[in-house]
Amino acid sequence: MLEFTPDQQMIREEAQRFLREQSSSEAIRSVVDAGASHDAALWASISGELGWCAMAVPEEFGGVGLGATEVAILMELTGARLACVPFWSTVCLAAPLLQSAGNEAAKAKYLAAIAAGEMAVTVAYADPSAADPAATVAVKATRTATGYRLDGRVAHVVDLEVADVVLVPAGLEDGTTALFAMSRGSGQTITPFKVLDGTRPIASLDLAVEVPADSRIDDGSVGADQFGQALAFANLGLAAEQLGAAQGALDVTLAYIAERVQFGRTIASFQAIKHRCAKLVVDIAEARSLVFGAAASLGEGADNALEISGARVLASDLQFRAAEEAIQLHGGVGFTWEYDPHLYFKRAQASAALLGSHDAHLDGIAASVFGDGGLK
């Protein structure tokens, strides 16, 4: 049975109250309409005043030293409100990579800054849509007399426009992979994309620049295990966010059907609509148990990796179906800009394309279970 500790329940309740007030439909639309990279005021509150970015950072680097469960709680709630902030990219994508692959100087510098709310960070994986985005590199690193020269183009980088620092995996001449940290404006060419989901920006990164030796932050090289540890946390955070978005879409739907009157009564009283909403409630509870079960056992071997992949599959499907039901149950207005279902539908489409598709995760699970690449 899923039970939060009193401290975790307090975090959940306070975060839910805060986001209900600060990440309203009007706030989201103001960001999307303006084509802004994020909600700057909301991010300042989350990262600086509330200290959410410090949750899973070890105490030795200025963090709170809590675990994946607390981060998953916050990811679920930011997903429910479609919060326009680089929380996932900073806390779930970049910070775990710094912890698993960064040298001590890099951890002391960047993890401390993340914990203090002083910077947003993202990772320039060659293909963020792949189940293993670190399997290939798009940037080449060549040693120079004073450091390295980085050349290459990363086509799609999440939250690049708002990131103060971008972590760049780059291939060395000897075939190993190094990790570089580049501050905003340090020889980068950033080109924003017009994307389907206006609540999460994506941009391309072009590099043809020489960087000092201390820009390289790995401890020798970065291996598959280090990338794997970081990506497990990233997938868990994304699954929690997708779960939250499914709940958010359902909440929007329940509010609408409670007010919409047809044939002299609210459509919430219609049996067919009750059944559709009840199924979502049950499915969300099931997905929540899987997500938080995976969070509680994060890092405990191959079984946990399968749990996280399973959570991604379930959460991706659920997020899409909840958004689809929101559009259907809103009737004709479900497709209009004035109502919120389309915002959840666009986020569902975009999130499903991150860190491996539904089929890619199922293939990975099958390969692990059957040991032969799965059923043919």
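Buried here means under 20% relative accessible area, exposed means over 50%, and partly exposed lies in between (1.4 Å probe, protein chains only). Helices (H or I, at least four residues) and strands (E, at least two) are DSSP runs, numbered from the N terminus. This is a predicted model, in which local features need pLDDT of at least 70 and side-chain atom pairs count only at pLDDT 80 or more, while totals for chains, interfaces and linings use all residues. Residues are numbered from 1 along each chain as its sequence is written, and side-chain values use heavy atoms, with hydrogens and water left out.

Let us start with the strands. In strand β5 (residues 177-183), 6 of the 7 residues are buried, so β5 is largely enclosed by the rest of the structure. Its antiparallel neighbour is strand β4 (residues 165-171), joined to β5 by 7 bridges; two strands pair if DSSP finds at least two bridges between them. Val165, for instance, has Ser183 of β5 as its bridge partner. The β4-β5 hairpin has 5 residues between the strands, and Gly175 takes a positive phi near 90° there.

Most residues other than glycine have a negative phi. Two residues to look at with that in mind are Asp159, with a positive phi of about 60°, and Phe263, with a positive phi of about 55°. Asp159 is found in the loop between β3 (147-158) and β4, and is buried at a relative accessible area of 3%. Phe263 sits in the loop between β8 (261-262) and β9 (265-266), and is exposed at 73%.

Next, the aromatic rings. Rings of Phe, Tyr and Trp (its six-membered ring) pair if their centres lie within 6.5 Å; planes under 30 degrees apart count as stacked, over 60 as edge-to-face and the rest as tilted. The whole structure holds 7 aromatic pairs. In one of them, the ring centres of Tyr148 and Phe180 are 5.1 Å apart with planes at 75°, so the pair is edge-to-face. Tyr148 belongs to strand β3 and Phe180 to strand β5, 32 residues apart, and both residues are buried. Tyr256 and Tyr339 also form an edge-to-face pair, with 5.9 Å centre to centre and 90° between the planes. Tyr256 lies in helix α7 and Tyr339 in the loop between α9 and α10, so this pair ties together parts 83 residues apart in sequence. Tyr256 counts as buried at 14% relative accessibility, whereas Tyr339 is partly exposed at 33%.

Finally, the pockets. On a 1 Å grid over the protein atoms alone, a pocket is an open set of points with protein on both sides within 12 Å along at least five of seven lines, and lining residues have an atom within 4 Å of a point. Grid points are joined across faces, edges and corners, and a volume is the space filled by probe spheres set on the points. Ala, Val, Leu, Ile, Met, Phe, Trp, Tyr, Cys and Pro count as nonpolar, Asp, Glu, Lys and Arg as charged, and the others, Gly among them, as polar.

| Pocket | Volume | Lining |
|---|---|---|
| Largest pocket | About 890 Å³ | 21 nonpolar, 14 polar and 2 charged residues |
| Second largest pocket | About 500 Å³ | 11 nonpolar, 8 polar and 8 charged residues |

Helix α7 (224-257) is among the helices that line the largest pocket, and gives the most to that lining, with 10 residues. In the second largest pocket, α7 again gives the most, with 7 residues. Arg81, Gly248, Asp251, Val252 and Tyr344 lie nearest the centre of the second largest pocket.

Notes. 1 Å grid on protein atoms, 1.4 Å probe; cavity = no way out; pocket = protein on both sides within 12 Å on 5 of 7 lines; lining within 4 Å.
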